[in-house]
Amino acid sequence: MNMKAMWKKITGSREVSLVLVLLILCVFIQSRNSTFLTPETIESLFKNYAVDFVIAAGMMLILLIGAIDISVGSTLAFSGMAASLFLRDHPGTPVIVVFLIATAIGLLCGLLIGVIIAYGKVHPLICTLGFMSIYRGLAYLIANNEWVAASQFSKAYKAFAQSRYLGFGIVNNLVVIVIVVYVVFFFVMKWTPTGRKIYAVGSNAEAALISGIKIKKVKIACYSVLGALCGLSGAMYTSLYASSQGNMAEGLVMDVIAACVVGGVSLSGGRGSVIGVFLGTLIISIIGKGLPLIGVSQFWQKAIKGLIILIAVIINVLVQRQMNKAALKRREN
C-alpha cells in the first residue's frame with residue numbers, strides 16, 4: 001500500500017485515526033517508562049477505568065439522540081451509597097444481590113430523568129443539572145453525611161473487584177463486565193431495530209416521528225439504560241475502592257463526555273460508534289494512567305490531557321469532513 005492510499009485509509013475511517021493516536025501515545029509513554037506496556041499495567045488500567053468505560057457506553061446513547069446527561073456522577077454516588085448501606089446492615093448479602101440493588105436504583109434514577117425530559121419537555125441540560133444536585137444530596141442524606149468504610153463491607157464484596165473468577169482466572173471481574181457491556185452494545189447498535197431507531201432520532205427527529213418511531217419511548221429507554229449503567233458502576237466503584245462516600249465520582253462526567261467526543265460521537269446527535277467510544281475511553285484512560293508514570297506534574301496533567309483531547313477532536317473533524325466529501329462525490333456520480 002503506497003503512502004497516498006495509506007493516508008486515504010487513515011482519513012477515511014474514524015476508528016483507524018483513533019488507533020493511530022493510541023499507537024503514538026503508547027510509543028511515547030513506553031519510550032519514557034518501560035513498565036507501561038506490561039500485562040500488569042494494562043490490566044490495572046482497564047480495572048481502574050472500568051467505570052469510565054461502562055458509563056461512556058451509556059452516555060453514547062444520550063449523545064446519539066442529541067441530548068446530554070451531566071448527572072451521571074451523582075447517580076453513581078446515590079445508587080452506590082444505597083447499595084453499600086444495605087450491605088453494611090445486611091453483611092450476609094450475596095455480591096450479585098448488591099450489584100442488582102445498585103443497578104435497579106440507577107435504573108429508576110435514569111427512568112425518572114427520561115420521563116421528565118420526554119413528557120415534561122424540559123431541556124436535558126437543565127433537567128440533569130437539577131438531578132445532579134438532587135441525587136448528590138440524597139447520597140449524603142441516606143448516609144447521614146457519613147461514609148461506609150472497608151471494615152463494613154463483606155470480604156466477598158471487597159474481593160470481587162480484585163478477583164478473576166468471572167474471567168476464568170485470566171481476566172479481572174471488572175474487565176469482564178466492560179467486555180460484556182461493549183459486546184452487547186455493539187450487537188444492539190449495529191444489528192437491531194432499536195439501534196437504528198436511536199440513530200434516527202438523533203439524525204432527524206421529525207423524520208423519525210413521521211416514520212412511526214415513538215421518540216419519547218426511545219428517549220426514556222436511553223436514559224434508563226444510562227441510569228442502570230451508572231448504578232452498576234456504583235457497585236463496581238465501591239467494590240474497587242472498598243469504601244463508599246457521598247462525594248464519589250465528582251468530575252466523572254467530563255471524562256465520560258470527553259471520551260465519547262474523542263471517540264467520534266457527535267454532540268448534535270446521530271453519529272458515533274461503539275468501537276469509537278471504546279477507543280476514545282481508552283485514549284482518556286491511557287492519558288490518565290500514563291502521564292503520572294512518566295513523571296508529569298499533576299499541575300500539567302490536566303493541560304496536557306486537554307491538549308491531546310483537542311488534537312483528537314480536530315483529527316475527528318478532519319476525518320468527518322473527508323467522509324462528507326467522499327459521500328457527496330459518490331452522490332454526484
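Predicted model: local features only at pLDDT ≥ 70, side-chain atom pairs only at ≥ 80, totals over all residues.
By class, the lining of the largest pocket has 10 nonpolar, six polar and five charged residues, where Ala, Val, Leu, Ile, Met, Phe, Trp, Tyr, Cys and Pro count as nonpolar, Asp, Glu, Lys and Arg as charged, and the others, Gly among them, as polar. Residues are numbered from 1 along each chain as its sequence is written, and side-chain values use heavy atoms, with hydrogens and water left out.

To stay with the pocket, 21 residues line it, and Tyr49, Asp52, Gly251, Asp255 and Lys305 are the ones nearest its centre. A pocket here is an open set of points on a 1 Å grid over the protein atoms alone, where a 1.4 Å probe fits, with protein on both sides within 12 Å along at least five of seven lines, and lining residues have an atom within 4 Å of a point. The largest share of that lining, five residues, is given by α14, a helix, meaning a DSSP run of H or I of at least four residues, numbered from the N terminus.

Let me turn to helix packing. The axes of helix α4 (residues 50–64) and helix α12 (residues 215–241) come within 8 Å and cross at roughly 175°, the axes being lines fitted to C-alpha atoms over the stretch in contact, with angles from 0 to 180 degrees between N-to-C directions. The two helices, α4 and α12, are therefore roughly antiparallel to each other, a label that applies to angles over 145 degrees. The contact of α4 with α12 has 16 nonpolar, two polar and no charged residues.

Methods: Parallel < 35°, antiparallel > 145°, perpendicular 65-115°, else oblique.
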